[in-house]
Amino acid sequence: MTDLSPLSNQTPTPAPLWRRLLPPVLAAGLVAVLGAALLSPSRNATDGGPLVGKPAPDFTLESLDGAQVSLAALRGRPVVLNFWASWCGPCREEAPLFRELSEQRGGEGGLAILGILFQENKEENARAFIREYALAYPNLRDPGAKAAINYGLTGIPETVFIDKAGTIRHVDRGGLSRERLNVGLEKIGVKGI
Amino acid sequence: MPLVFSLVLCSAAALTPEQAARAEAIGQNLRCPICTGEPITQSTNDLSRDMMRDVREQVAAGRTDAEIYSYFAARYGNFVLLNPPREGVGLLLWGAPLAALGAGGFVLWRFLRRRTTATPAVTTAGEEDDPYDPYLAEVRRRTRQGGEGA
């Protein structure tokens, strides 16, 4: 009769170890890459950026009061740069914090706060904003958004924290809360509010 | 309208036609930072227009393409470059598909070579016209033997 036993006796030789391990190792590698990509700070992170740790780009801009303000002249003082516009909602929400900050930490030799207008179409609106929140620090015109581009700005509000040596230590995008403001202040050696 | 706009920009930065073409080419490779994958030459928002004006001014000032690209990359990250340099992780992204293609080709080549060397053995084992199925060949051979025996 038909006997197929010789065929069934041909037991397949087991695949080498590396071959059996290859698929799970590949899968684990893919998962690791995916995990690293998910956990690494994304481009949409609200802080950090390529300018952190770099010297703050210098600028000389005219304030709404007509005074020339240069960043280089503030060397030796910690500086907080706030890019804003009157049409920006989160800028309104954080404005009281800046007033409080300038009252508590500003003044001769202390923290310098500068506002830089970003795409402010009507200067009168900016003046009304400054009056409304009683902002007592210079707010500067930035024609052609030159300073904004120099600071890699993508939107407002954005706040740049510069230490006494003129190095950018922290950048915060989006409306500041008191906690987020204090994180930046701490990095430039200024006590939080 | 875009023509009028570009003419206005040209006159503002006083570029020669060659410089204007260079600025345009550089702008084509710079991503609008607040759009989705659009170069600043095509995007119509204010920031892109300001960036394009910046590019024209830098071209007029005699800066090289590489200097202008690195100016923007230092501020916005390599993300702003639509044709980023092939180094670091970028090199991995470019190289990985080629490496995968090479590895796949090698595996395919080895598989095909093994099959062609295995084929003659099967044809001698099987007598029929389907040499690719050794099991079927074995069954046929044995059923034929069985039939002859019976």
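**Strands, helices and contacts in a predicted model**

Author: In this predicted model, strand β3 (residues 79-84) of chain A pairs with strand β6 (residues 158-162) of chain A in the antiparallel sense, over 5 bridges.

Reader: What makes β3 and β6 of chain A a pair?

Author: Two strands pair if DSSP finds at least two bridges between them. β3 and β6 of chain A have 5 bridges. That meets the cut-off, so they pair. Within this pairing, L81(A) stands opposite V160(A) in β6(A).

Reader: In what order do the strands of the sheet run in chain A?

Author: The order is β5-β4-β3-β6-β7. These 5 strands form an open sheet with mixed pairing.

Reader: Why is one side of β5 and of β7 in chain A left without a neighbour in the sheet?

Author: β5 (139-140) and β7 (168-173) stand at the edges, so each has a single partner strand.

Reader: Which residues of α2(B) and α3(B) meet?

Author: Q19(B), R22(B), A23(B), I26(B) and G27(B) in α2(B) meet M52(B), V55(B), R56(B), V59(B) and A60(B) in α3(B). By class, this contact has 6 nonpolar, 2 polar and 2 charged residues.

Reader: How many residues of chain A are in contact with chain B?

Author: 17 residues of chain A contact 18 residues of chain B. Helix α5 (residues 146-150) of chain A gives the largest share of chain A's side, 3 residues.

Conventions: Residues are numbered from 1 along each chain as its sequence is written. Chains are lettered from A and ligands numbered from 1 in the order in which they are written. This is a predicted model: local features need pLDDT of at least 70, side-chain atom pairs count only at pLDDT 80 or more; totals for chains, interfaces and linings use all residues. Helices (H or I, at least four residues) and strands (E, at least two) are DSSP runs, numbered from the N terminus. Two residues are in contact if their C-beta atoms, placed from the backbone, lie within 7 Å. Ala, Val, Leu, Ile, Met, Phe, Trp, Tyr, Cys and Pro count as nonpolar, Asp, Glu, Lys and Arg as charged, and the others, Gly among them, as polar.
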